[in-house]
Every structure is written in C-alpha cells, then in structure tokens.
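Please consider the following structure together with its sequence.

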Amino acid sequence: MTTRNRRRDLSAFAVLSIVTAIVVIGLKLVAWRITGSVGLLSDALESVVNLVAAVGAFVALRVAAKPPDRGHNFGHTKAEYFSAVFEGVMIVVAAVTIIVAAVDRLFHPRDLEEVGVGLAISLVATGLNAAVGWVLIRAGRRHRSLTLEADGKHLMTDVWTTVGVVVGVLLVAVTGWLPLDALIAIAVAVNILVVGGQLIRRSGAGLMDSALPDDERTAIDGVLAAHRAEGIDFHDIRTREAGHERFVQLHMLVPGEWSVQRAHDLTEQVETELRAAVDDLNVTMHVEPINDPRAYEDWRLD
C-alpha cells in the first residue's frame, strides 16, 4: 500500500467519529431534557463540538492525503494542523458557552428530575465515546496523524467530563444542594479550556516547522555517527515535520578526490539508512569536499 493510499484510508476513522458524535448528542440531549441538569446540558454542548471537529477532521484528512502538485510541491500534510487548531478553537467556544449557561443556573437554580434515567442514558453515551476515542488515539499514533490523535483525546476528555458531571448530578440528588450542578458545569468548562489551549499550542508548533522530536533526531544522529567512524563528516543538519511527513536536510563531507559516482553511491546508502531509521522521512543531502574550509560554513541559531 502506498503512503498516499494509507493516508486516504484514515478518513474512515473520521467518519466513525462523526457517526458516534451524532448518536452521543442525541443521547445526551435526551438525558438533559429528562433531568433539566445544566451539567448534562454542558456535556451535550461539548458533544456538539465533537461533531463539528469530526467533520473538520474528515475534510483535513482528505486534503492531507492529496499528492504533491504544482501549487503544493511538498504535499498537503499540514492540513492536519489547521484541523487541530480549528478543533481547539471550537473547544474554547464550547467552554465559554457552558460557563454562560452555568452562571445563569447558579443564580436561578432548579430542581432535577428523573436523575436515575438521565444518568443511565448519559453513561451509555460515555461508553461509546470511550471506545471510539481509544480507537482514534491508537490510529493517530500508529499513523502519526495529529488530527486523529487530537480528535481521540477530545473524546476521552469528554468521557472524563461526563464522569464528573454524573458524579456532580448524583451529589445534587443526594444532598439537595442545587448550586452544585452549576459549579460542576463550570469546572467542566475550565478543563475543556485547558485541552483546547494544548491543541492550539501543539498545532501552532507544527505550522511553525518545529524540529523533529528528540527520539527521531537521536535515530538520525545514530546513522550519521556510524559513517563518521568511517572518516565521513556531516554538518548543517536541520529537521522539521509536517503532519506525518518528516524532513531532514544536511551536508555530507567526503574526500575531495572521490569521484562523483562514489560520492553519489554513499549518498544513496546514507539516505536509505536514514529512511529506515525514521518513517516517512524526506532526505535532502548536499555533498562537499572534506578538505575545503568553505565546506564547514554552517547556519546559525540566533
């Protein structure tokens, strides 16, 4: 299977997320209508965000799967970062909406009804979210898809949110202290804000061409170290990532008396070893004579 086809297949996970979100929204809205709990309403509103985010993920994954073209010579993989930023913003919007509803309920409390039935329905919805969230996180990590991993983590956040809401509503039913329902909803909103901020920050790092993670850079350095022991040198090593794609560019210094053919053969060997060490790695290598002082001119970190 080619990389392009493997990436295109990921959109099926987004479809699973969309279908799950629709079912969960329906269940949670029923739970809210039965009980009248603003905590359960806040939980349902977050699931609406899940649906919007899942649709955005589907679009992003389809775009990211497109091959390079004249307008985008390096492909479309950064579309995933835009999706994650969008999801982060939607999470923040949901949190603000929840806080507004909770503050109003804090000043205008109301009795809860049919708590047992409402909570049972909400727990069924949570079970669905947990199962799908686990699937999305595993798929996201396996395919290095920030979009799927973000969507999965959002669903798992929704799971813990629902657990907190359920506990809060139970305490309201047991103690009769109605303001607790609104306070739980506000706590949920604060937790959602943190998750949204983390998503936006991570996506922003990708859009800014952040360097590869330490473990992948260590794998690259290990390949180069083996060849340094053979009298070859490397410098001006730069890395970045764009979605699932990894990029490294570097200069390789070889004896000046080598033929072009010999230097090319070694370049092919080093590139093959680097790609074996880091999946989806794109290598750009410049060959220079090791005995030429100009070959050691390097880029600077200001």
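Q: Where is the place of H251?
A: The model is a predicted one. In it, H251 has its place in strand β2.

Q: Why is H251 called buried?
A: The relative accessible area of H251 is 17%. Buried means under 20%, so H251 is counted as buried.

Q: How far apart are the C-alpha atoms of H251 and A205?
A: They are separated by 25 Å, and the two residues are 46 residues apart along the chain.

Q: What makes β2 and β3 a pair of strands, and in which sense do they pair?
A: A pair requires at least two bridges. Strand β2 (residues 245-254) and strand β3 (residues 281-289) have 9 bridges, so they pair, and the sense is parallel. Within this pairing, L253 stands opposite E288 of β3.

Q: What makes β1 and β2 a pair, and in which sense?
A: Over 8 bridges, β1 and β2 pair in the antiparallel sense.

Q: What is the order of the strands in the open sheet, and what is the pairing called?
A: The sheet has 3 strands in the order β1-β2-β3, and its pairing is mixed. β1 (233-242) and β3 are at the edges because each has a single partner strand, which leaves one side of each without a neighbour in the sheet. From one strand to the next, the twist averages 10 degrees.

Q: Which elements make the right-handed β-α-β unit?
A: The unit is made by β2, helix α9 (residues 260-277) and β3.

Q: Why does D236 count as buried?
A: The relative accessibility of D236 is 8%. The cut-off for buried is under 20%, so D236 counts as buried.

Q: Where is D280, and what is its phi?
A: D280 is in the loop between α9 and β3. Its phi is near 55 degrees, a positive value in a residue other than glycine.

Q: How do you know that the span of helix α2 is close to the expected one?
A: Helix α2 (residues 11-35) has 25 residues, and from its first C-alpha to its last it reaches 36 Å. At 1.5 Å a residue, 36 Å is expected, and the span is close to that value. Among the buried residues of α2 are A14, S17, I18, A21 and I25. An α-helix has 3.6 residues a turn, so residues three or four places apart point the same way. After α2 comes G36, whose phi is positive, near 80 degrees.

Q: Why is α4 called roughly antiparallel to α7?
A: The axes of helix α4 (residues 79-107) and helix α7 (residues 179-207) come within 8 Å and cross at roughly 165 degrees. Angles over 145 degrees count as roughly antiparallel, so α4 is roughly antiparallel to α7. The crossing of α4 and α7 is left-handed.

Q: Why is N50 called buried?
A: N50, in helix α3 (residues 38-64), has a relative accessible area of 2%. This value is under 20%, so N50 is buried. The C-alpha atoms of N50 and D151 are separated by 7.7 Å, although these residues are 101 residues apart along the chain.

Definitions and conventions:
Residues are numbered from 1 along each chain as its sequence is written. This is a predicted model: local features need pLDDT of at least 70, side-chain atom pairs count only at pLDDT 80 or more; totals for chains, interfaces and linings use all residues. Side-chain values use heavy atoms; hydrogens and water are left out. Helices (H or I, at least four residues) and strands (E, at least two) are DSSP runs, numbered from the N terminus. A crossover is right-handed if, with the strands pointing away from the viewer, the path from the first strand over the helix to the second runs clockwise. The expected span of a helix is 1.5 Å times one less than its number of residues. Buried means under 20% relative accessible area, exposed over 50%, partly exposed in between (1.4 Å probe, protein chains only). Axes are lines fitted to C-alpha atoms, for helices over the stretch in contact, and angles run from 0 to 180 degrees between N-to-C directions. Angles under 35 degrees count as roughly parallel, over 145 as roughly antiparallel, 65 to 115 as roughly perpendicular and the rest as oblique. A crossing is left-handed if the near helix is turned anticlockwise from the far one by less than a right angle, and right-handed if clockwise.
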